[in-house]
Amino acid sequence: MNKNKIYPMWFAALALFVYTVLFVLPGLIGIGYSFTDWSSYSNQLHFVGLENFKTVFSTDENYLKIMKNTLVFTLSTTVIKNILGLALAVLLTKSIRLLNFHRGVMFLPSVLSTLILGMVFTSILNPSTGLLNTFLRGIGLAGLAKPWLTSPVYAFPSVMAVDIWRGTGYIMTILIAGILSISQDYYEACSIDGASAWQKFRFITLPLLLPTLATTTVLNVIYGLKVFDMIYALTNGGPGKATTEVLYTAVFKKFGTGQYAIGTALSSVMFVFMVAIGFFMIRTMTKDEVEE
């Protein structure tokens, strides 16, 4: 009996050791480097305390704008993906023709390469030769043709729209699994009591789906705070100075120019954001969780 208890502990200990060596330790070392003047321009490494973080939060730099962009992107895409994903999940758990086909079509964008999608939408949203503006001009709506990725006004909403289009199907799939796990007995009891479709959704589906919604929300928040490839492929942080730039594009550029200490400081700030927001979202969305 003792061996049966010890074996799983050793098994978990090995996995924990590998995770610590490959993920936790490098992360802690990276945080340590954020308190130094580490760069590619010098072989010397000196402790500078909070100087890098003062630079990050300085109003003279663009980093506050970059953090704002990151939070706006995360909040907007998380809310819209969850709403659209929930609507599609409810619709695609009904008895309709070609149900699996519709589910597959909605899920397809999420399995495509982000960089490839970025290249495709860069072509579609081209202000002069792009498919979207060409179509709008062709049907007499030239006034709606905009410089989608080259204007500071439209670039950020355009990037968010492409990301929402790509990620909604993934959220939909998770929510479909959550809806299908709800016992039909609840709905049958509601039908007997004469409940409408909206009442079934409001009092049965939504409360019992809160744990799944908490999961999709946290996944979206983590993705939004870490987003890089979509923005880099579509705008490279432009047009203009930090118009669509987010934390990960800033980290990439700082490491690319040899400013490693600032890059690690930005990564540390991003890590704190992820932990704080993720913890807050989980606590908020699961405190009134309904148990079957």
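**Close-ups of an all-helix predicted model**

**View 1. Helix α3 meets helix α11.** In this predicted model, Tyr 63, Ile 66, Met 67 and Thr 70 on the α3 side touch Leu 247, Ala 250 and Lys 254 on the α11 side. Sort the residues of this contact by class and you get 5 nonpolar, 1 polar and 1 charged. Helix α3 covers residues 63–91 and helix α11 covers residues 247–256. Their axes sit 8 Å apart, and the two helices pack at an angle of about 140°. That angle is why α3 counts as oblique to α11.

**View 2. The whole chain, for orientation.** Before going further in, here is the overall layout. The protein chain has 12 helices and 0 strands, so reading along the sequence simply gives α-α-α-α-α-α-α-α-α-α-α-α. Its C-alpha trace spans about 80 × 75 × 30 Å along the principal axes.

**View 3. Helix α4 crosses helix α7.** Here helix α4 (residues 99–107) and α7 have axes that come within 8 Å of each other and cross at roughly 140°. Because of that angle, α4 is oblique to α7. From α4, the residues making the contact are Arg 103, Met 106 and Phe 107. From α7, they are Gly 169, Tyr 170, Met 172, Thr 173, Ile 176 and Leu 180. By class, the residues of the contact of α4 with α7 come out as 6 nonpolar, 2 polar and 1 charged.

**View 4. The largest pocket.** Rolling a probe the size of a water molecule over the atoms shows where empty space is left. The largest pocket has a volume of about 610 Å³, and 21 residues line it. Look for Phe 23, Gly 27, Ile 31, Ser 267 and Phe 271, which lie nearest the centre of the largest pocket. Which helix gives the largest share of this lining? It's α1, with 9 residues. Helices α1 (2–33), α11 and α12 (260–286) each put at least two residues into the lining of the largest pocket, so you meet α11 from View 1 again here. Split by class, the lining of the largest pocket holds 15 nonpolar, 5 polar and 1 charged residues.

**View 5. The second largest pocket.** This one holds about 300 Å³ of space. The residues lining the second largest pocket are Val 90, Thr 93, Lys 94, Ile 179, Leu 180, Gln 184, Tyr 187, Ala 197, Lys 200, Phe 201 and Thr 205. Helices α7 (155–180), α8 (184–192) and α9 (197–226) each supply at least two of the lining residues. The largest share of the lining, 4 residues, belongs to α9. By class, the lining of the second largest pocket has 6 nonpolar, 3 polar and 2 charged residues.

View 6. Side chains of opposite charge can pair when their charged atoms come close. How many salt bridges turn up in a search of the whole structure? There are 3, and one of them joins the side chains of Glu 51 and Lys 54. The N to O distance in this salt bridge is 3.6 Å. Both Glu 51 and Lys 54 lie in helix α2 (residues 51–56).

Notes. Residues numbered from 1 in each chain as written. Predicted model: local features only at pLDDT ≥ 70, side-chain atom pairs only at ≥ 80, totals over all residues. Heavy atoms only, no water. Axes fitted to C-alpha atoms, helices over the stretch in contact; angles between N-to-C directions. Parallel < 35°, antiparallel > 145°, perpendicular 65-115°, else oblique. Contact = heavy atoms within 4.5 Å. Nonpolar A, V, L, I, M, F, W, Y, C, P; charged D, E, K, R; others polar. 1 Å grid on protein atoms, 1.4 Å probe; cavity = no way out; pocket = protein on both sides within 12 Å on 5 of 7 lines; lining within 4 Å. Points joined across faces, edges and corners; volume = space filled by probe spheres on them. Salt bridge = Lys/Arg side-chain N within 4 Å of Asp/Glu carboxyl O.
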